[in-house]
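Here is a short report to read alongside the model. Keep the viewer open and follow the residues as they come up.

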Amino acid sequence: MIVLGRILGKQRYRDILLGLGLLLSAAALVVWPQQSMGAMKDGLKLCANVIVPSLFPFFVLSSLVVELGMSRYLGRLLEPVMAPLFRVNGSCATALALGFVGGYPVGARTAISLYENGQCSKTEAERMLAFCNNCGPAFILGVVGTGIFGSGRAGLMLYFAHLAASLLIGLLFRFYRSEEGPRRWRQAGPQFQATSFPAAFTRSVTGALQSTLNICAFILFFTVAIRIFTFSGLMSTSSALLSTLLSPFGLSQQWAQKLLTGLLEMSSGVSSLTDGALTGRLSMAAFMLGWAGVSVHCQVMAFLGDSGLSLRTYVAGKLLHGALSAALIGGLLWFFPQEISVASYLVEQTEAIATLDFHRALTISAAWAWGMWLVFFALALYVLKKSSGKRGKSVL
């Protein structure tokens, strides 16, 4: 390990290894063309059936909330809650709420947008990135709970542990750069931003489409990469090494391969948890859902761009999220033991996820999106009416 670290520490050797990796990747595409094309088709099905219809409405919604300045109204209303709990101003409640219902990476994208629009400080945005990027209820309840574990109760337990772990991380990261408190509001009353609704709507729709296509690109890449790793034997070799390193925890090579798949791409890893002890399956599913996978992290990196926000804070938060979620699931199973039949709910990896019936899950997701939009709009009107009344009294 020390020798490897010294080798990777030199730019010349890193360039050689990168070039060698690119050559081997090109050779793998030539050696396994049918498998690569099959993985690409499965990834396209996943994007068309799930990713685009479930994420696109939330991206448009989050962009409109930030562009029109509605988050400023929410900030005035929710400041007494967000500041003492998470040491962020009330505007950040938008990222928290949409992160709970919109799925990856809506919460992270909203937090970054708030920072870029000047509605929160850099420290506040980094605190939010650590815990506001969560899996949506449609995927956990509909796909993981009902589709993979064959139990609505299991889905509810996973979702509860997921949200509870996220809030705990938010409480922990309130001490991140503790010398910096939440940004104070200006004395002037909240106002919509100068941008008009047509301009904001146009930018929101085009930006949401670009963000959705970026996510689909990463999903396609990792779907093909995992398939090639499997056929080349690299996945088996890596899982054997991982099981050796984690042998004190009783991790077999089979479970190590599932974990490694989930570390790279969460949906493929979760869908492989169809056999074995129920406690281990639920705990590993909770960890994968909290960690989210390298594929999701790459999506967040694409949004970070040149914003200057720390990626380390985000990764540390997701690692803690996975660990806390697994621990909470273990505690819930201790108090509420589950008995779930496995044989009736065998599910393959990405192929099965792409062909699952997502109509019910997407209906729930769309309903949440419009529900949150109506709540935000009602709160904005309430604060606007209240502030207008106060100004009217002061004039009198």
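A286 sits in helix 14 (278-291); helices here are DSSP runs of H or I with at least four residues, strands are runs of E with at least two, and both are numbered from the N terminus. With a relative accessibility of 3%, A286 counts as buried, a term that means under 20% relative accessible area, whereas exposed means over 50% and partly exposed lies in between (1.4 Å probe, protein chains only). Setting aside residues up to four places away in sequence, A286 touches L158, G322, S325, A326 and I329, where contact means heavy atoms within 4.5 Å. A286 and A326 are 40 residues apart in sequence, yet their C-alpha atoms are 5.1 Å apart in space.

The model is predicted: local features need pLDDT of at least 70, side-chain atom pairs count only at pLDDT 80 or more, and totals for chains, interfaces and linings use all residues. Residues are numbered from 1 along each chain as its sequence is written, and side-chain values use heavy atoms, with hydrogens and water left out.

S325 belongs to helix 16 (residues 311-335) and is buried at 1% relative accessibility. Beyond its neighbours within four places in sequence, S325 is in contact with A161, H162, A165, A286 and G290. Its side chain also reaches the backbone oxygen of H321 at 2.7 Å. That is a polar contact, meaning a pair of N or O atoms within 3.5 Å; within protein, one must be able to donate a hydrogen and the other to accept it, and residues adjacent in sequence count only if both atoms are side-chain atoms.

Now turn to helix 9 (residues 152-172), which has 21 residues. From its first C-alpha to its last it reaches 30 Å, close to the 30 Å expected at 1.5 Å a residue; the expected span is 1.5 Å times one less than the number of residues. The buried residues of helix 9 include L158, A161, H162 and A165. L158 is one of the residues that A286 touches, while A161, H162 and A165 are among the contacts of S325.

## M266 and the residue A292

M266 lies in helix 13 and counts as buried at 7% relative accessibility. Apart from neighbours within four places in sequence, its contacts are Y104, F139, M288, L289, A292 and G293. M266 and M288 are 22 residues apart in sequence and 5.8 Å apart from C-alpha to C-alpha.

A292, one of those contacts, lies in the loop between helix 14 and helix 15 (294-304). It is buried at 1% relative accessibility, and its phi is near 85°, a positive value in a residue other than glycine. R87 also has a positive phi, near 55°. R87 lies in the loop between helix 4 (70-86) and helix 5 (93-102), and at 18% relative accessibility it counts as buried. For context, most residues other than glycine have a negative phi.

How far apart are the end C-alpha atoms of helix 12? They are 17 Å apart, which agrees with the 16 Å that its 12 residues should span at 1.5 Å a residue. The buried residues of helix 12 are W255, A256, K258, L259, L260, T261 and G262, and their cover includes helix 10, helix 11 (234-245), helix 13 (266-271) and helix 14. T261 has a relative accessible area of 2%, and its side chain reaches the backbone oxygen of Q257 at 2.8 Å.

Helix 12 (253-264) also supplies at least two residues to the lining of the largest pocket, as do helix 2 (11-31) and helix 10 (197-232). Helix 10 gives the largest share, seven residues. The lining has 15 residues, of which S25, F221, A225, I228 and F229 lie nearest the pocket's centre. A pocket is an open set of points on a 1 Å grid over the protein atoms alone, where a 1.4 Å probe fits, with protein on both sides within 12 Å along at least five of seven lines; lining residues have an atom within 4 Å of a point.

## The chain overall

The protein chain has 18 helices and zero strands, and 50% of its 396 residues count as buried. Among contacts between residues at least 6 apart in sequence, 80% join residues at least 24 apart.
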